[in-house]
Amino acid sequence: MGTKNNNNLFFTCSLIEYIGRKAKRRRSEVADFLGKDRIERIYAYADVFHCEPIEKTATELAEEVQMTAGNFDNVKDCRYHVPDYWDIGEVYERLIEDAYDDAEIVKGIWEVYHSWIDAHISDYNTDFYYQPRDYIAECYRKGEIL
């Protein structure tokens with residue numbers, strides 16, 4: 001569906017993942033704090049944001065939206081190898097690319113992070129997040145793990 005290897009989408013999803021880990025927030029909560037307009041701005045200007053270290057961008061955004069710390073720590077809860085935030089960002093990027101047209105990318109970001117699949121991608125104690133992209137997209141479309 002969407003453009004493959006959408007770098008702006010990759011950065012946006014990786015940034016949401018990074019912020020979620022630092023703030024110990026579910027990724028849907030990160031999206032809620034940021035809001036649709038800010039997510040759209042991050043997506044549109046990802047090439048500019050990407051010039052700064054992700055830590056700096058994440059900290060500035062978290063302060064801007066007054067994000068408080070949560071207690072969702074999927075990194076601490078992981079009994080195995082913890083995937084890198086770039087790796088998880090890529091899982092979300094591919095899913096959104098595969099499930100939404102280019103004109104719907106920001107809508108796709110919002111909907112994927114607020115859907116049932118977010119909890120499964122964020123569970124690093126399963127092998128779901130490193131399944132093939134077409135399988136993950138098909139599960140998302142069907143509304144269940146196949």
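**Terms and the values behind them**

Q: Why is E29 called partly exposed?
A: The relative accessible area of E29 is 28%. Partly exposed covers the range between the 20% limit for buried and the 50% limit for exposed, so E29, at 28%, belongs to that class. The model is a predicted one, and the values are computed from it.

Q: What makes the pairing of R25 and E29 a salt bridge?
A: The N to O separation between the two side chains is 3.7 Å. The cut-off is 4 Å between a side-chain nitrogen of Lys or Arg and a carboxyl oxygen of Asp or Glu, so the pair of R25 and E29 qualifies.

Q: What makes K24 and D73 a salt bridge, and what does the pair tie together?
A: The closest N and O atoms of K24 and D73 lie 3.8 Å apart, again within 4 Å. With a relative accessible area of 14%, D73 is buried, while K24, at 32%, is partly exposed.

Q: How many salt bridges does the structure hold, and which residues are linked in a network?
A: There are 16 salt bridges in the structure. E17, R21 and R27 are joined in a network of such pairs.

Q: Why is G20 called buried, and which residues is it in contact with?
A: The relative accessibility of G20 is 0%, and the limit for buried is under 20%, so the term applies. G20 belongs to helix α1. Apart from neighbours within four places in sequence, its contacts are R25, R27 and V30. The C-alpha atoms of G20 and N74 are 9.5 Å apart in space, although 54 residues separate the two in sequence.

Q: Where is Q66, and why is Q66 called exposed?
A: Q66 is placed in the loop between α4 and α5, just after α4. Its relative accessibility is 64%, and exposed means over 50%, so the term applies. Q66 is a residue other than glycine with a positive phi, near 55 degrees.

Q: How do you know that the buried residues of α4 line one face of the helix?
A: The buried residues in α4 are I54, T57, A58 and L61. Viewed down the helix axis, they fall within an arc of 95 degrees, so they line one face of α4. These residues pack against α1, α2, α3 (46–49) and α5.

Q: What puts the buried residues of α6 on the same side of the helix?
A: In α6 (residues 105–113), the buried residues are I105, V106, G108, I109, V112 and Y113. Around the axis they cover an arc of only 160 degrees, which means that they sit on the same side of α6. Their packing partners are α1, α2, α5, α7 (117–121) and α8 (133–142).

Q: Which residues line the largest pocket, and how do they divide into nonpolar, polar and charged?
A: The lining consists of P83, D87, I88, E90, V91, R94, Y129, Y130, Q131, P132, R133 and I136. Seven of these residues are nonpolar, one is polar and four are charged. Helix α5 gives the largest share, five residues, and α5 and α8 each supply at least two. The space in this pocket is about 160 Å³.

Key:
Residues are numbered from 1 along each chain as its sequence is written. This is a predicted model: local features need pLDDT of at least 70, side-chain atom pairs count only at pLDDT 80 or more; totals for chains, interfaces and linings use all residues. Side-chain values use heavy atoms; hydrogens and water are left out. Buried means under 20% relative accessible area, exposed over 50%, partly exposed in between (1.4 Å probe, protein chains only). Helices (H or I, at least four residues) and strands (E, at least two) are DSSP runs, numbered from the N terminus. Contact means heavy atoms within 4.5 Å. The arc is that of the directions from the helix axis to the C-beta atoms. On a 1 Å grid over the protein atoms alone, a cavity is a set of points where a 1.4 Å probe fits but cannot get out, and a pocket is an open set with protein on both sides within 12 Å along at least five of seven lines; lining residues have an atom within 4 Å of a point. Grid points are joined across faces, edges and corners, and a volume is the space filled by probe spheres set on the points. Ala, Val, Leu, Ile, Met, Phe, Trp, Tyr, Cys and Pro count as nonpolar, Asp, Glu, Lys and Arg as charged, and the others, Gly among them, as polar.
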